[in-house]
Amino acid sequence: TSLSPPSSLTSFSPQISFFFTLPLIFPSLFSATPPSIIESLTRTLHHTFTSHSLSSSFPPSLPFLPPLPDAQPTEAETAVWNQVSAVLEEAHGILAELQSYNGAGQEIREAIQNPGDLALQEKAWNAVCPLVAKLKRFYEFSLRLENALRSLLEALTSPPYAPMQHLEREQALAKQFAEILHFTLSFDELKMTNPAIQNDFSYYRRTISRNRLNNQQLEAENEVNNEMANRMSLFYAEATPMLKTLSNATTKFVSENKTLPIEDTTDCLSTMACVCRVMLETPEYRCRFTNTDTMLFCMRVMVGVIILYDHVHPVGAFAKTSKIDMKGCIKVLKEQPSNSVEGLLNALRYTTRHLNDDSTSKQIRALLQ
């Protein structure tokens, strides 16, 4: 199926014509789509843009549709794709380890309640040390994730192409960007619901400090020295540590690339947010999601790019001038079962920078209450 955009649409924005390349870019999505749906979508977009019922930032195409198993890198993308791919392969194992993280709560309680029992002290210490080694791996992975994000930002915002052109040209990298955000929100959701992580690390640090006062050096200090422990402590003190890492990395990327217009980064993020919103709220797209995991993927990516946008853009994602339809994004989240989106709504409530600004409408604040 191949479509041509009506001239009344292309007069609004050259980006609009990208919508009509969708069947060519994603034949697997549209191969089973009845022509009537394609025609319906065309009429809907025609009405939308001719009536100005959506802002001009509305994305006419879905260039990085999340369920893209076949998105392969071009030759120009290969170096960055290989770097990020290695990180993403490790991400699956990190999530699995975090999911099975049970902590050493019982051993720690027994050791605290019986300070004179050396056997219980040793038992708690032996239980905590391998867990702290695991927490160190998680922290070190966040640094590799940060580097991967930076490489993707460079590739997806570099001149001479506009953000929409990048998202169309570099399908494989755009998909990896989405997968990083999916991992980040997944990691932070698990971390927020597992108090054992900070309890274990606090016990570890207290024990190290106590032994240092007694001039005792423990073998575990060789793996997690004081400097590393301080960095890890700051990392795990965050409610959403991975998201905080990516937010800081995105802000740093923008500040260090002063010759790159900030809009190149924010437009890339806002486009991805709008694409996800449209996919979630449009029945023609939503009915193609084969399971709830795909829905969750899309919601996590949407929330992730909103938060990054809010950290990078001078007035944030919640202002009236924002290119992200925040009201629409929040509504589409609240239409889902609360147990699957509460963590995402909390991320918007507590990890954005501009939600409580005067420029944020009362209506949006009320939606997030």
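**Close-up views of a predicted model**

View 1. C329 is buried, with a relative accessible area of 1%, in a model that is predicted rather than determined by experiment. The sulfur of C329 lies 6.4 Å from the closest cysteine sulfur, that of C274, which is too far for a bond, since a disulfide requires sulfur atoms within 2.5 Å. C287, by contrast, is exposed, with a relative accessible area of 52%, and the structure as a whole holds zero disulfides.

**View 2. The crossing of helices α13 and α15.** Helix α13 (residues 262-281) and helix α15 (residues 292-312) have axes that come within 9 Å and cross at roughly 150°, so α13 is roughly antiparallel to α15. The crossing in which α13 passes α15 is left-handed. On the α13 side the contact includes I262, T266, L269 and R277, while the residues contributed by α15 include M295, C298, V305 and Y309. Sorted by class, the residues of this contact comprise 17 nonpolar, two polar and one charged.

**View 3. The crossing of helices α7 and α9.** The axes of helix α7 (residues 118-157) and helix α9 (residues 171-192) come within 10 Å and cross at roughly 150°, and α7 is therefore roughly antiparallel to α9. The two helices, α7 and α9, form a left-handed crossing. Among the α7 residues in the contact are F138, F141, L145 and L156, which meet a set of α9 residues including L173, Q176, F177, T184 and F187. The contact of α7 with α9 has 15 nonpolar and two polar residues, and no charged ones.

Terms used:
Residues numbered from 1 in each chain as written. Predicted model: local features only at pLDDT ≥ 70, side-chain atom pairs only at ≥ 80, totals over all residues. Heavy atoms only, no water. Axes fitted to C-alpha atoms, helices over the stretch in contact; angles between N-to-C directions. Helix = DSSP H or I, 4+ residues; strand = E, 2+ residues; numbered from the N terminus. Parallel < 35°, antiparallel > 145°, perpendicular 65-115°, else oblique. Left-handed = near helix turned anticlockwise from the far one by under 90°. Contact = heavy atoms within 4.5 Å. Nonpolar A, V, L, I, M, F, W, Y, C, P; charged D, E, K, R; others polar. Buried < 20%, exposed > 50% of the residue type's maximum accessible area, 1.4 Å probe, protein only.
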